[in-house]
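Here is a short tour to read alongside the structure.

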Amino acid sequence: MKALIIDDERLARKELMKLLEEHPSIEIVGEAMNADEAIQMVNDLNPDLLFLDIQMPGKTGFQLLEELDAVPFVVFTTAYDEFALKAFEVNALDYLLKPIQAERLSETISKILEKEKNKATAVRNADKKLGLNDQVFVKDGDRCWFVSLSNVRLFESDGNYIKVYFDNNRPMIHKSLNALDEKLDERAFFRASRKHIINLSWVEGIEQWFNGGLMVKLKGGDKVEVSRRQAAKFKDMMSL
Amino acid sequence: MVNKKRLYWTLQITGWLGYVLLQIVFYNFSNETGIPLRRIFFFTFEGLICLGITHLFRHYVNNWKWLNLSVPKMMMRVLPTIFLLAIIIYFLRVPFSIWLNIVSVQRLAFEPQQIMVGSMFYFIMMFGWSLFYFTYHYIARYNKSLKYEASMIEIELNNLKNQLNPHFIFNALNSIRALVDENPNKSKQAINHLSNILRNSLTFEKKGLTKFDDELKIVKDYLSLESIRFEERLKTELDVDPNSSRFLVPPFMIQTLVENGIKHGISRLTQGGTIHLKTLVDKNRLKIQIRNSGQLINGARKGKFEGTGIKNTTQRLKLLYGDEASFKMINENNNFVLTEVIIPQSI
């Protein structure tokens, strides 16, 4: 697995690198000192795993993740931060306390390698669009999630925010639907109308609707209207 | 907070008014003919005289600070004084009793026996008044000392939570561990610095003050450790007035403020910054100035648990020095935050 270490302290990065020498399955492809550097490196190097210090100058670890499109696996690191620890516990995130104990690191790496195996192997898009295999980081207030896009059945715009529908949650993220639309793989996600993007693998039923539009029923019960303009395209996609 | 002045006047007025009314009612019911108007006036004037004399008494008790004396010493002064005042009240009353024809025979007012009886009566009243007054103050003072103790305990707890700042300690340990291979000597020094800080925080005394030089050592240890962590991102400057050694300061106060400056200012800047500690001695007062890169936003620093360090500092200053110490934290310019503490020379 390719990993990136993100920490503003050189000695902390050095310590972690030393510990990771014991884990040949993890290959360190880079080190970043702050969020901006990290974003650049993630886009260039495409790591599978991030070791991310939660307290950094400028942007915090969470803010960094919100700015990435697809996120790899993330292990957070912190010396001690009541607030961060609570967030990690509440959201069941992987984290390590500094100074990092070798055993804890081993446990966490095993866990991640396991998760990697279970991820369905798929061809990475040449054009780097987000597909069902990718996961995104979603944060809403005190809660945050790493969500696989295959679990997101619907994106709904709400002012300057987007509601992300997955499981029983509908957290809001601060992004524009148009921007998101451009990043998503159009074979997996379809722009049903100005307000909605749907996950095609969640479509359960389709019926005719007013004005030449369609009413799509998603697994789980949500109903989404496809505008007349998009209806034709939709029919093509579903090869009706 | 009860306004003490208001309370005093309320008690005085209702007390003496009550006394006057009581006298009137009593007289009214013990006399078949009821109470003549002049009697009412008499009682009223009597009440006013008592009010005036007790007010004067209180004024001198405060001026001469009798409340600060031990009870026996206080009584030695109060008893003769109220005896004197009782006699004065009696003689102030005489003109009224004559004018209002309360006394049938003028001479009677000056009979020794009358004087004795009258004065005794007023002595007892003054005694009762003083009893009430002094008791009230002793209770209030006891209360205040309890509050003081409670505050001190609260501060102690806060300090305990603040001093052993886990974030700083674990980060320091992490850096030290990393240094063991890279620079064993430096890691040994770092362990010494950390050990010094921990030892000081464990022997932290409740109301204690510490010598300025000892506090400065703590600050230097702390800055050494933070320099290891931040490396080139932290620049430190110390400009200490040699006369500062004369002063006693609250332990870990300067360290807390320096830590605050680094935590909220410098560690938030990607390029890092400077922390500058300066002390000046000016007319028996010690000025401690800490400047750190960064800015206060909306008059306060952003952060989840911000404020406890500062609140703790201002609380300690108030308790130790009352209004004699000062604290301020402002944006000195676009790049630096200035934190200034001024403390007087300790007793």
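Two strands count as paired if DSSP finds at least two bridges between them. With that in hand, please keep in mind that this is a predicted model.

Strand β6 (residues 135–140) of chain A runs antiparallel to strand β7 (residues 143–148) of chain A, and 6 bridges join the pair.

**The open sheet of chain A**

Chain A also has an open sheet of 5 strands, with parallel pairing and the order β2-β1-β3-β4-β5. Which strands stand at the edges? They are β2 (27–32) and β5 (95–97) of chain A; each has a single partner strand, so one side of each lacks a neighbour in the sheet. From one strand to the next, the twist averages 20°.

Strand β1 (residues 2–6) of chain A pairs with β2(A) in the parallel sense over 5 bridges. In this pairing A:Leu4 stands opposite A:Gly30 in β2(A).

| Helix of chain A | Strands touched (chain A) | Angle between directions |
|---|---|---|
| α2 (residues 35–45) | β1, β2 and β3 (49–53) | about 145° with β2(A) |
| α4 (residues 82–90) | β4 (73–78) and β5 | about 145° with β5(A) |

**Where chain B meets chain A**

How many residues does each chain bring to the contact? Chain B gives 23 residues and chain A gives 23 residues. The area buried between the two chains is about 2100 Å², and carbon and sulfur atoms give 52% of that area. On the chain B side, B:His167, B:Asn174 and B:Arg177 supply 25% of what chain B buries against chain A, more than any other three residues.

The rule finds 7 salt bridges between chain B and chain A. One of the salt bridges links B:Glu231 with A:Arg10, with the closest N and O atoms 2.6 Å apart.

In chain B, α5 (166–182) and α7 (212–230) each supply at least two residues of the side that touches chain A. The largest share of that side, 12 residues, comes from α5(B). By type, the residues on the side of chain B that touches chain A divide into 9 nonpolar, 6 polar and 8 charged.

Note on methods:
Residues numbered from 1 in each chain as written. Chains lettered and ligands numbered in written order. Predicted model: local features only at pLDDT ≥ 70, side-chain atom pairs only at ≥ 80, totals over all residues. Heavy atoms only, no water. Contact = heavy atoms within 4.5 Å. Buried area = accessible area lost by both parts, 1.4 Å probe. Salt bridge = Lys/Arg side-chain N within 4 Å of Asp/Glu carboxyl O. Helix = DSSP H or I, 4+ residues; strand = E, 2+ residues; numbered from the N terminus. Nonpolar A, V, L, I, M, F, W, Y, C, P; charged D, E, K, R; others polar. Axes fitted to C-alpha atoms, helices over the stretch in contact; angles between N-to-C directions.
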